[in-house]
Amino acid sequence: MSICVFGDSVAKGVIYDEAKNKYIHLKNSFINMFSQKLNLRVENYARFGCTVTKGIEILSRHKNELSSFSHTLLEFGGNDCDLQWNEISDSPEAEHLPNVPLPQFEEKYLKMIDIVRRTGSVPVMLNLPPLDSERFLKWVSRGQSRENILKFLGDVNAIFKWQESYSIAVKKLAQLHGVRFVDIRSAFMREDSYSDYLCRDGMHPNEKGHALVGRLLSERNFLLSN
């Protein structure tokens, strides 16, 4: 059995290494962990900063290869819901749109699902790990006006709710269109302190977070579900 992966830095296994003070690729990422445990062949096309817009382009370039993979994992939303925080810092009173507004996000995600299904590969959707709002705000406001960003948000918890709306949309799409779905968000939220499973930036799962998702994917065994 074999799988291919399309998504962003979470699926690629990118974490923030505090000792090196930079982002690195984690050897024991959740994709590598569960694929090794189940002895799967994996091709990972995920990219740092990838949105569904870019995802469609990458998927389309590789669509002729998808028929050789039994399953195609899709993990998007984190970059789609993100905003241009420097612009918000400069003009908190102005209107600011996410990288991919929610209606377009859903539309383009459905297009990806259709592309995958046409190849004969089985699409599997993963939702988003939760954010640590305080840690995330501290991260994106570096060199910016935290006060102005908070003025735009109204409340720091708005970050969590905004990102959550994209995760909810992923689950809804999976349910409405009969796509296999793995709820990684709930795995984090069930922990006493899910922030312990996130990097300093408040958004990327750390090594502990990847281990959590890797166990979930292995135990869930979605590859054999109906």
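**Entry 1: Met189**

I looked up Met189 and found it partly exposed, with a relative accessible area of 39% (buried means under 20% relative accessible area, exposed over 50%, partly exposed in between, with a 1.4 Å probe and protein chains only). I note that this is a predicted model, in which local features need pLDDT of at least 70, side-chain atom pairs count only at pLDDT 80 or more, and totals for chains, interfaces and linings use all residues. Residues are numbered from 1 along each chain as its sequence is written, and side-chain values use heavy atoms, with hydrogens and water left out.

I located Met189 in helix α9 (residues 184–189); helices (H or I, at least four residues) and strands (E, at least two) are DSSP runs, numbered from the N terminus. Leaving aside neighbours within four places in sequence, I found Met189 in contact with Pro130, Phe160 and Tyr194, where contact means heavy atoms within 4.5 Å. From Met189 to Glu164 I read 12 Å, C-alpha to C-alpha, across 25 residues of sequence.

**Entry 2: Ser2**

I found Ser2 in strand β1 (residues 2–7). Ser2 counts as buried, at 7% relative accessibility. Not counting residues up to four places away in sequence, Ser2 touches Arg41, Ser68, Phe69, Ser70 and His71.

**Entry 3: Aromatic pairs**

How many aromatic pairs does the structure hold? I recorded 11; rings of Phe, Tyr and Trp (its six-membered ring) pair if their centres lie within 6.5 Å, and planes under 30 degrees apart count as stacked, over 60 as edge-to-face and the rest as tilted.

One of them joins Tyr23 and Trp139 edge-to-face, at 6.2 Å centre to centre and 75° between the planes. Because Tyr23 lies in strand β3 (residues 22–25) and Trp139 in helix α6 (residues 133–140), this pair ties together parts 116 residues apart in sequence. Tyr23 is partly exposed at 27% relative accessible area, whereas Trp139 is buried at 11%.

I next examined Trp85 and Phe136, whose ring centres are 5.9 Å apart with planes at 75°, so the pair is edge-to-face. The pair links distant parts of the chain, 51 residues apart, with Trp85 in helix α4 (residues 85–90) and Phe136 in helix α6. Trp85 is buried at 9% relative accessible area, and Phe136 is buried at 4%.

I also noted a cluster, linked by ring pairs, of Phe76, Phe105, Tyr109, Trp162 and Tyr166.

**Entry 4: Charges over rings**

I returned to Trp139 and found the charged end of Arg142 over its ring, 3.7 Å from the centre (a charge sits over a ring if NZ of Lys or CZ of Arg is within 6 Å of the ring centre and within 35 degrees of the ring normal). Lys208 lies over the face of Tyr197, 4.6 Å from the ring centre.
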